[in-house]
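Dear colleague,

Here is the structure you are taking over. My notes on it follow below.

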Amino acid sequence: MRIDIMTLFPDAVDAMMNASIIGRAQERGFVTIRTHQIREFTTNKQMQVDDYPYGGGRGAVMQADPLYRCWQHICDEAGGRVHTIYMSPCGRVLTQQVARELKAQHDHLILVCGHYEGIDERVYALADHVISLGDYVLTSGELASMVVIDAAVRKLPGVLGAADGPVDESFTSGLLEYPQYSRPEEWNGRRVPEILLSGHHANIAKWRHEQALERTRTRRPDLYEKYEEKSMAKIDK
């Protein structure tokens with residue numbers, strides 16, 4: 001998989017994307033991530049990428065031309081149009097399902113990181129998807145883009161190592177993940193549940209499922225309701 005990131009802050013993105021699991025995924029050849037400084041595609045000496053919005057208003061808007069030039073450069077290198085994602089609160093909310101779709105359906109992505117008050121509406125046409133992290137606003141699109149990349153790349157075979165790594169994690173089954181414990185057996189007066197020390201795998205699996213159900217019911221009733229609906233639909237069939 002290849003991912004190109006259009007950004008005003010390539011050093012910040014590179015520092016994060018070259019670390020930990022995503023960094024190792026790149027070293028092992030599972031993914032290639034490249035950043036592109038949008039300022040390098042300006043045509044003015046000041047390398048200006050923003051200007052005041054037409055119609056008035058506060059802040060500045062990223063100009064269409066440098067964004068387009070940067071995007072076209074990446075597509076030219078790739079030999080054709082690349083599936084393009086723009087990060088914006090106006091977009092489809094990122095979920096585990098969206099991350100799976102990006103990983104499964106596309107082997108090359110461009111992520112456009114907006115800044116200031118956003119981008120010129122005329123370059124929205126470049127985007128095949130507009131994705132949001134939720135109902136809030138960030139200062140720039142870099143953080144949001146890195147979240148999308150992390151969520152998609154960790155789904156690539158081999159990235160997490162163990163083949164069963166992502167199976168039981170939150171949202172994969174429609175439930176939140178069950179509680180996890182590690183050594184020591186007792187910490188600050190709190191013990192690991194005895195069932196996890198029993199070695200009885202069937203009972204442990206049953207306990208974990210029950211815990212996942214209860215955690216989802218109390219912490220995310222919206223998810224629990226959807227899970228119950230799907231379960232009832234299967235029974236009806």
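**Charges and overall form**

The protein carries 28 positive and 33 negative side chains, and the centres of these two sets are 4 Å apart. Lys and Arg count as positive, Asp and Glu as negative, with His and the chain ends not counted; each charge is placed at NZ of Lys, CZ of Arg, CG of Asp or CD of Glu.

Please note that this is a predicted model, in which local features need pLDDT of at least 70 and side-chain atom pairs count only at pLDDT 80 or more, while totals for chains, interfaces and linings use all residues. Residues are numbered from 1 along each chain as its sequence is written, and side-chain values use heavy atoms, leaving out hydrogens and water.

The protein has seven helices and nine strands (DSSP runs numbered from the N terminus: helices are H or I of at least four residues, strands E of at least two). Its radius of gyration is 22 Å, well over the 18 Å that the globule rule gives for 237 residues, so the protein is more spread out than a compact globule. That radius is taken over C-alpha atoms, and the rule is 2.2 Å times the number of residues to the power 0.38. Along the principal axes, the C-alpha atoms fill a box of roughly 70 × 45 × 40 Å.

Of the 237 residues, 38% are buried (buried is under 20% relative accessible area, exposed over 50%, partly exposed in between, with a 1.4 Å probe and protein chains only). Taking contacts between residues at least 6 apart in sequence, 73% join residues at least 24 apart; a contact means heavy atoms within 4.5 Å.

**Salt bridges**

The count is 11 salt bridges, each being a side-chain nitrogen of Lys or Arg within 4 Å of a carboxyl oxygen of Asp or Glu.

- Arginine 122 pairs with aspartate 120 at 2.7 Å, N to O. Arginine 122 is exposed at 64% relative accessibility, whereas aspartate 120 is buried at 16%.
- Glutamate 214 and arginine 217 have their closest N and O atoms 2.7 Å apart. Both lie in helix H6 (residues 201–219), three residues apart, so about one helical turn separates them. Glutamate 214 is partly exposed at 38%, and arginine 217 is partly exposed at 41%.
- Salt bridges with shared partners join Glu185, Glu186, Arg191 and Glu194 into one network. Within this group, glutamate 186 meets arginine 191 at 3.8 Å, N to O. Glutamate 186 is partly exposed at 45%, as is arginine 191 at 41%.

Regards
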